[in-house]
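Please read the following briefing alongside the coordinates and the sequence. It is grouped by topic.

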Amino acid sequence: MGVMDAFKIDLLNPRLEGQTFEYEIGDDFFAEIDGLIHRGKVRTKVECVGVGTVYKFMIHSEGKVIVPCDRCLSDLELRIETTDTLNVTLGSDFSDDGDCVVVSEAEGYVDLAQFIYEFIALSMPVACCHEPGKCDDAMMHELSRYQSTRSGGEDDERANSKEYGADSDAGSPDGENSVEPVDKRWEALKQLKNKQ
């Protein structure tokens with residue numbers, strides 16, 4: 001039996017209502033899904049609280065996941081806890097649009113793996129970053145190098161000076177510190193602005 005087979009729930013089981021399924025989700029699960037989450041250890045409890053035309057599943061997940069830091073890209077451990085509801089009904093073709101997931105009546109089962117993963121991913125904060133000072137030093141050094149080049153004080157002074165632009169031939173004769181000319185279309189727009 002594969003890692004993901006345990007997440008397939010038989011909807012045609014007459015004793016499904018009230019059943020509880022418990023999963024210990026680990027690195028193999030996240031590797032199989034191949035998403036943003038690299039690794040983790042999450043305990044998930046799924047309870048079927050309603051059957052009939054619509055099957056209602058309450059899904060509670062709690063644990064920790066490892067994701068890349070948005071700032072330095074090194075591993076970041078996040079605590080997660082989420083409780084969600086999944087409504088499933090039988091139909092002719094699979095569809096997960098809207099509030100209710102439709103699964104094929106011919107198959108007769110729902111695969112919860114992707115839904116559990118999505119609920120876990122959606123419980124994470126929008127920005128996943130280390131606390132200040134905890135990011136990877138080498139990556140932060142590189143990042144600061146490029147940020148200072150793009151938005152350093154020297155560049156700001158040049159941008160604000162009148163010589164900066166197409167009219168400027170400032171800089172040394174060998175081309176060092178010379179500023180590339182501004183596109184002529186921008187110069188035309190600048191003249192329109194100055195007329196006002």
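Leaving aside neighbours within four places in sequence, which residues is Val65 in contact with? With contact meaning heavy atoms within 4.5 Å, Val65 is in contact with Phe30, Ile37, Arg39, Gly40, Val42, Leu76, Glu77, Leu78, Ile80, Ile120 and Met124. This is a predicted model, in which local features need pLDDT of at least 70 and side-chain atom pairs count only at pLDDT 80 or more, while totals for chains, interfaces and linings use all residues. Residues are numbered from 1 along each chain as its sequence is written, and side-chain values use heavy atoms, with hydrogens and water left out.

**Confidence**
- The mean pLDDT (the predictor's confidence in each residue, from 0 to 100) of the protein chain is 82, and 81% of its residues reach 70 or more.
- Over residues 150-173 pLDDT stays under 50, and for this stretch the model has 22 contacts beyond four places in sequence.
- Where pLDDT is low, the predicted coordinates should not be read in detail.

**Fold and burial**
- The protein chain has five helices and seven strands, taken as DSSP runs numbered from the N terminus (helices H or I, at least four residues; strands E, at least two).
- Buried residues, those under 20% relative accessible area with a 1.4 Å probe and protein chains only, make up 31% of the 196 residues in the protein chain.

**Cysteines**
- A search of the whole structure finds zero disulfides, a disulfide being a pair of cysteine sulfur atoms within 2.5 Å.
- Cys69 is buried at a relative accessible area of 0%, but its sulfur is 3.8 Å from the closest cysteine sulfur, in Cys135, and is therefore too far for a bond.
- Cys72 counts as buried at 3% relative accessibility, and the closest cysteine sulfur to its own is likewise in Cys135, at 3.8 Å, too far for a bond.

**Ser104**
- Ser104 lies in strand β6 (residues 100-104) and is buried, with a relative accessible area of 15%.
- A polar atom of the Ser104 side chain lies 3.3 Å from the backbone nitrogen of Ala106.
- Not counting residues up to four places away in sequence, Ser104 touches Leu90, Gly91, Ser92 and Phe94.

Key: Buried < 20%, exposed > 50% of the residue type's maximum accessible area, 1.4 Å probe, protein only. Polar contact = N/O pair within 3.5 Å; in protein donor to acceptor, adjacent residues only side chain to side chain.
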